Amino acid sequence: MIGIDCVNIDRIKKFQERFGNKALEKFLDHDEIKFAKSIETIAGFWAAKEAISKALGVGISKECGFFDIKLYKNEKNKPSFLLSRRLIQTYAITDVDLSITHDKGFAIAVAIIQSEQQQEKKLAF
């Protein structure tokens, strides 16, 4: 399953300027906020959570909230994520991957989620 999201960095900047750190606390936990040192990173994190929820096929909703997804970076600064146990069990998740980029005023994220349920998908009609 693949999800993608693109967000205008200026939109996230205005959101943060209007609400301060409360804006970040609406979609990032304490650890994620520590990683978010620039507005580009913050916008990338927003796009990442949206892309991940889209890969699940539900978007940010009652099925998958912002705090069901935890973003982190590995020792080489590559972004990745963890999912709540509920999501892993509901969607039979077996593997995940994430890429985030930002350029010319936009942040884009692509998420790939593999699940046991994918193998049940029909490829022909």
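Where is the place of Glu 50? Glu 50 sits in helix 4. Helices (H or I, at least four residues) and strands (E, at least two) are DSSP runs, numbered from the N terminus. The model is predicted: local features need pLDDT of at least 70, side-chain atom pairs count only at pLDDT 80 or more, and totals for chains, interfaces and linings use all residues. Residues are numbered from 1 along each chain as its sequence is written, and side-chain values use heavy atoms, with hydrogens and water left out.

Glu 50 is buried yet has no salt bridge. Buried means under 20% relative accessible area, exposed over 50%, and partly exposed in between (1.4 Å probe, protein chains only). A salt bridge is a side-chain nitrogen of Lys or Arg within 4 Å of a carboxyl oxygen of Asp or Glu. For Glu 50, the nearest side chain of opposite charge is Lys 54, 4.9 Å away. Lys and Arg count as positive, Asp and Glu as negative; His and the chain ends are not counted. Leaving aside residues up to four places away in sequence, Glu 50 touches Asp 5, Ile 60 and Phe 66. Contact here means heavy atoms within 4.5 Å.

Helix 4 itself has 17 residues, and 15 of them are buried, so this helix is largely enclosed by the rest of the structure. The length of helix 4 was also checked. At 1.5 Å a residue, helix 4 should span 24 Å, and its end C-alpha atoms are 24 Å apart, which agrees. The expected span of a helix is 1.5 Å times one less than its number of residues. After helix 4 comes Gly 57, with a positive phi near 85°.

Leu 56 is found in the loop between helix 4 and strand 2. Its relative accessibility is 6%, so Leu 56 counts as buried. Not counting residues up to four places away in sequence, Leu 56 touches Cys 64, Leu 87, Tyr 91, Ile 93 and Ile 113. Leu 56 and Ile 93 stand 37 residues apart in sequence, while their C-alpha atoms are 9.5 Å apart in space.

Charged pairs were examined next. The structure holds 8 salt bridges. One of them joins the side chains of Lys 70 and Asp 29, at 2.6 Å from N to O. This pair links distant parts of the chain. Lys 70 is in strand 2 (residues 69-73), and Asp 29 is in the loop between helix 2 (21-25) and helix 3 (30-35), 41 residues apart. Lys 70 counts as partly exposed, at 25% relative accessibility. Asp 29 is partly exposed too, at 23%.

Lys 70 also forms a salt bridge with Asp 31, with the closest N and O atoms 3.1 Å apart. Lys 70 lies in strand 2 and Asp 31 in helix 3, so the pair ties together parts that are 39 residues apart in sequence. Asp 31 counts as partly exposed, at 34% relative accessibility. Asp 29, Asp 31, Lys 34 and Lys 70 are linked in a network of salt bridges.

A further salt bridge brings together the side chains of Lys 49 and Glu 32, at 3.0 Å from N to O. Lys 49 belongs to helix 4 (residues 39-55) and Glu 32 to helix 3, 17 residues apart. Both Lys 49 and Glu 32 are buried.

Ala 92 has a phi near 50°. Ala 92 lies in the loop between helix 5 (85-91) and strand 4 (93-103), and is buried, with a relative accessible area of 18%. Lys 104 has a positive phi of about 50°. Lys 104 lies in the loop between strand 4 and strand 5 (106-115). Lys 104 is exposed, with a relative accessible area of 73%.

The surface carries a nonpolar patch made of Ile 2, Ile 4, Phe 106, Ile 108, Val 110 and Ile 112, with about 510 Å² of accessible area together. Elements giving two or more residues to this patch are strand 1 (2-8) and strand 5. Strand 5 gives the most, with 4 residues. Val 110 lies in strand 5 and counts as partly exposed, at 32% relative accessibility. Patches are made of residues with over 30% relative accessible area and no salt bridge: like charges are joined within 9 Å, nonpolar side chains (Val, Leu, Ile, Met, Phe, Trp, Tyr) within 5 Å. Accessible areas come from the Shrake-Rupley method with a 1.4 Å probe; for residues, only the protein chains shown count as cover.
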